[in-house]
Amino acid sequence: MPRLMTRRSNPSAMVAALMLAIALGGCASTRIGPGAGVYQRGEAGYYAARFDGRTTASGETYNPHALTAAHRSLPMGSRVRVVNLDNHRHVTVRINDRGPFVHGRVIDLSAAAAKRLKMRRQGVVPVTLQILSEPH
């Protein structure tokens, strides 16, 4: 005879669910608004030299000397403060491209922005993003 399932708390399932929620919470982004605090946490990478001169999603030509970046969802033209959590250096960039398309990364920076953050040797660093302004 089949056993009936009852609604009992399963401590190990509850612990697993809690751990999953905590893990996903670290990757989640919460919209706070311009200038209001941390918008997103994650990892930042930067554009390889081979992208120099290519067209970005905004229609601009990628310039490795400009302080620009790619983000998956922020409006084009948004200004974002990026803080390198390894050394606390920061830079303000303008979003002009879409990406990154690598799991775990929240932003791809131009070579100039990566240089300001002193992250070019590491390649990928933990960062926080703060929205400073969005286009109207």
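Predicted model: local features only at pLDDT ≥ 70, side-chain atom pairs only at ≥ 80, totals over all residues.

Mentor: We'll go from the overall fold to a few single residues.

Trainee: How many helices and strands does the chain have?
Mentor: Two helices and six strands. Those are DSSP runs, numbered from the N terminus: H or I over at least four residues for helices, E over at least two for strands.

Trainee: And in what order do the elements run from the N terminus?
Mentor: α-β-β-β-β-β-α-β.

Trainee: What do the six strands build?
Mentor: A closed barrel, running 1-5-2-4-3-6 with mixed pairing. From one strand to the next, the twist averages 45°; the axes behind that are lines fitted to C-alpha atoms, for helices over the stretch in contact, with angles from 0 to 180 degrees between N-to-C directions.

Trainee: What counts as pairing here?
Mentor: DSSP has to find at least two bridges between the two strands. In general, strands of a sheet pair through backbone hydrogen bonds, either parallel or antiparallel.

Trainee: Strand 2 and strand 4, parallel or antiparallel?
Mentor: Parallel, over three bridges; strand 2 is residues 68-70 and strand 4 is residues 90-97. If you want a spot to look at, A70 stands opposite D97 in strand 4.

Trainee: What about strand 6, which sense does it use with strand 1?
Mentor: Antiparallel, over five bridges, with strand 1 at residues 40-46 and strand 6 at residues 125-133. Strand 6 also pairs in the antiparallel sense with strand 3 (residues 79-84), over six bridges. Click on V127 in strand 6: G42 stands opposite V127, and N84 stands opposite V127 too.

Trainee: How much of the chain is buried?
Mentor: Buried residues make up 32% of the 136 residues. Buried means under 20% relative accessible area, exposed over 50%, and partly exposed in between, using a 1.4 Å probe and protein chains only.

Trainee: Is Y47 buried or exposed?
Mentor: Y47 is buried, at 9% relative accessible area. F51 has 26% relative accessibility, so F51 counts as partly exposed.

Trainee: Where does S78 lie?
Mentor: In the loop between strand 2 and strand 3. S78 is at 0% relative accessibility, so S78 counts as buried. Contact means heavy atoms within 4.5 Å, and leaving out residues up to four places away in sequence, S78 touches V93, R94, I95, S133, E134 and P135.

Trainee: What does the S78 side chain reach?
Mentor: The backbone oxygen of P75, at 2.7 Å. P75 lies in the loop between strand 2 and strand 3. With residues up to four places away in sequence not counted, P75 touches I95, R98, E134 and P135.

Trainee: Which peptide bond is cis?
Mentor: The one from G99 to P100, with omega near -5°. You'll find P100 in the loop between strand 4 and strand 5 (105-109).

Trainee: What's the phi of H88?
Mentor: Near 65°, a positive value in a residue other than glycine. H88 lies in the loop between strand 3 and strand 4 and counts as exposed, at 60% relative accessibility. K118 isn't a glycine and has a positive phi of about 55°; K118 lies in the loop between helix 2 (111-116) and strand 6.

Notes. Residues numbered from 1 in each chain as written. Heavy atoms only, no water. Polar contact = N/O pair within 3.5 Å; in protein donor to acceptor, adjacent residues only side chain to side chain.
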